[in-house]
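Please look at the sequence and the structure before reading on.

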Amino acid sequence: MYVLKTRSDFDSAHFLKGYEGKCANIHGHHWLVEIQIRGEEVKSEGSHRGMLVDFSDLKEDLREETSRMDHALLYEAGSLKEKTLEALREEGFLLIEFPFRPTAENFAKHFYDYMTSKGYDVARAEVYETLDNCAIYEGENHD
């Protein structure tokens, strides 16, 4: 089994509505996302001979999503009043709504699903919200 790994990072703000503690307030993180993909066979022909996938493609696909989330407020659907959203939009803030609470755990699954939808056999997705704190998601098909 071959395993490839790539990383990307982004800065964003979030908050955890209903949380009892400091994280209920809007705060920021420098997120680091690491994706591991796997495969049984490397390509045997063409310019990608000897490769599972081209690292450039793997990195580009991950960066597509991390770049979209960079310097945005990431929030859970229904966690902000419509008037608040309108005011933030009027100010020109980048807002990205998710159907889940914006925790490291949920983002790990989000990136796992995102890269799977790009056609990769994802082994695991790791999301660091700090240097010391990481959430990992390994899908149901993980060995």
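Accessible areas come from the Shrake-Rupley method with a 1.4 Å probe. By that method the chain exposes about 8,700 Å², and carbon and sulfur atoms supply 47% of this area. The model is a predicted one.

**The chain as a whole**

The C-alpha trace spans about 55 × 30 × 25 Å along its principal axes. The chain has 143 residues, and 41% of them are buried. Its secondary structure consists of three helices and six strands. Read from the N terminus, these elements follow the order β-β-α-β-α-β-α-β-β.

Contacts can also be sorted by separation along the sequence. Of the contacts between residues at least 6 apart in sequence, 61% join residues that are at least 24 apart.

The chain carries 17 positive and 29 negative charges.

Is strand β3 largely enclosed or open? Buried here means under 20% relative accessible area. Four of the five residues of β3, which covers residues 72-76, are buried, so the strand is largely enclosed by the rest of the structure.

Which strands pair with β3? One partner is strand β1, residues 2-14, which pairs with β3 in the parallel sense over three bridges. Another is strand β4, residues 95-98, which also runs parallel to β3, in a pairing of four bridges.

| Residue in β3 | Residue opposite | Partner strand |
|---|---|---|
| Ala72 | Ser12 | β1 (residues 2-14) |
| Leu73 | Leu95 | β4 (residues 95-98) |
| Glu76 | Phe98 | β4 (residues 95-98) |

The strands β3 and β4 also belong to a unit that includes a helix. Together with helix α2, residues 82-90, they make a right-handed β-α-β unit.

**Summary**

To sum up, β3 pairs in the parallel sense with β1 and with β4. The strand is part of a right-handed β-α-β unit with α2 and β4, and four of its five residues are buried.

Key:
Residues numbered from 1 in each chain as written. Predicted model: local features only at pLDDT ≥ 70, side-chain atom pairs only at ≥ 80, totals over all residues. Heavy atoms only, no water. Buried < 20%, exposed > 50% of the residue type's maximum accessible area, 1.4 Å probe, protein only. Helix = DSSP H or I, 4+ residues; strand = E, 2+ residues; numbered from the N terminus. Pairing = 2+ DSSP bridges. Right-handed = clockwise from strand over helix to strand, strands pointing away. Contact = heavy atoms within 4.5 Å. Lys, Arg positive; Asp, Glu negative; His and termini not counted. Charge placed at Lys NZ, Arg CZ, Asp CG, Glu CD.
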